[in-house]
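Hi there,

Here is the structure I promised to pass on to you. Have a look at it first, and then read my notes below.

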Amino acid sequence: MEPDPVTVVRASSIKGQLRFWWRAIRGWKARGDLQKLRDLEEKYFGSVGEEGRQGPSPVVLRVIPRSEPKPKEAWETRTKPTEIAPGYLSFPLQPQRGGVPSGKVILNVKFALEIQLRPPKGLSLEELKREVHAALWAWETFGGVGARTRRGFGAVVRLRTDGSYAQRTAEQVQDQIKEKLRQYVEDTQWPAGVPHLTPNSPVAVVQESWKKVAEQYRRFRQSRGSGGRGKSLWPEPKTIRMLRKNPTKTGKFPRGQLGLPIIFHFKEKEDEVYNSILKPKSKEYDRLASPLIFRPIAEEMTVVAVLQGSREVPGGVQLEFNMDQTSVDVEVQLDKGEAAKIRVLNGQTDVVQAAFDHLTRRHRGGKGGYRR
């Protein structure tokens with residue numbers, strides 16, 4: 001996996017991010033109508049120019065490089081990540097058997113973003129400014145550039161004209177985020193299936209570095225008994241063994257709520273028969289993005305948020321075994337009784353909310369962290 005060494009940040013990629021984040025905080029303007037949402041999005045950001053459609057975007061972006069990017073290997077060996085990024089998050093960049101080297105992360109990326117607004121007839125400049133400002137703020141706060149932005153990669157921060165960062169406390173950032181959400185979100189009705197944020201969405205700013213929050217997330221996802229060395233506290237390993245022996249039974253895979261696909265790899269050679277992948281059943285979807293977002297706001301400050309919207313996987317979920325590609329239908333949702341058996345969830349049936357609580361609970365009302 002190699003980043004583009006020439007065009008590190010593409011205007012088209014930023015445009016895609018702005019469209020997503022516009023839907024996430026301004027999609028309420030469609031009043032629940034998916035077609036109206038599409039029409040509004042095309043009005044502000046353009047379309048491919050089908051007959052009767054908006055056509056070219058009234059928002060023109062230009063990326064101007066301001067630094068010399070430095071690609072660095074993310075992993076030293078298959079088992080040793082570098083200090084660039086948390087190994088648990090950068091696992092797709094691990095060196096592979098057969099001599100495939102580590103993927104790279106690009107450091108020292110600075111750029112200027114030039115935005116030109118060219119509203120067509122019937123669209124005022126002030127209206128277009130308002131929508132673009134909203135999308136730009138949400139992207140700067142929750143998004144990024146490149147891959148795995150929901151886990152903090154490619155996070156962006158705006159610099160002052162003198163090249164410095166705005167100095168803010170966690171409390172100030174928290175208050176500003178809530179105020180902006182109140183400013184940009186005027187309703188809570190979104191079209192079905194559209195991820196979004198409202199002033200009441202779970203959003204917290206913690207006074208911890210991105211790497212420390214990533215480690216907390218790893219502990220949540222890999223919770224084990226006996227000081228972290230015992231059996232998994234999650235039901236998936238046991239359920240996989242059961243389904244391999246008897247595929248007619250039903251199984252629950254709650255961590256699927258945190259995004260798909262999930263690869264299950266058993267370390268022992270005699271257990272290779274259980275190696276499998278949890279993925280959407282429908283061929284129309286190859287993945288399901290996680291509703292949970294965490295990304296750095298500053299060196300020792302991380303924002304954690306949950307995108308709201310339907311948690312249902314269209315078409316359902318299946319577990320496919322690597323050895324013979326046989327598959328079995330499974331579920332990711334839990335009832336209260338099932339959740340009560342998974343200690344790390346603290347009785348919470350919503351795994352995404354439980355993860356949010358795990359990453360922020362030490363900071364609620366305590367020193368250096370805030371949630372209101």
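Let me begin with a pair of strands: S8 and S9 (residues 276-280) pair in the antiparallel sense over three bridges. Strands here are DSSP runs (E, at least two residues) and helices are runs of H or I (at least four residues), both numbered from the N terminus; two strands pair if DSSP finds at least two bridges between them. Please keep in mind that this is a predicted model, where local features need pLDDT of at least 70 and side-chain atom pairs count only at pLDDT 80 or more, while totals for chains, interfaces and linings use all residues. Residues are numbered from 1 along each chain as its sequence is written, and side-chain values use heavy atoms, without hydrogens and water.

Within that pair, Phe264 stands opposite Ser276 in S9. Both strands belong to an open sheet of four strands, in the order S8-S9-S12-S13 with antiparallel pairing. S8 (262-264) and S13 (327-330) are at the edges with a single partner strand each, so one side of each has no neighbour in the sheet.

Now for two helices. The axes of H2 (residues 34-45) and H3 (residues 125-142) come within 10 Å and cross at roughly 100°; axes are lines fitted to C-alpha atoms, for helices over the stretch in contact, and angles run from 0 to 180 degrees between N-to-C directions. Lys43, Tyr44 and Phe45 in H2 meet Glu127, Leu128, Glu131 and Ala135 in H3, where contact means heavy atoms within 4.5 Å.

Enjoy exploring!
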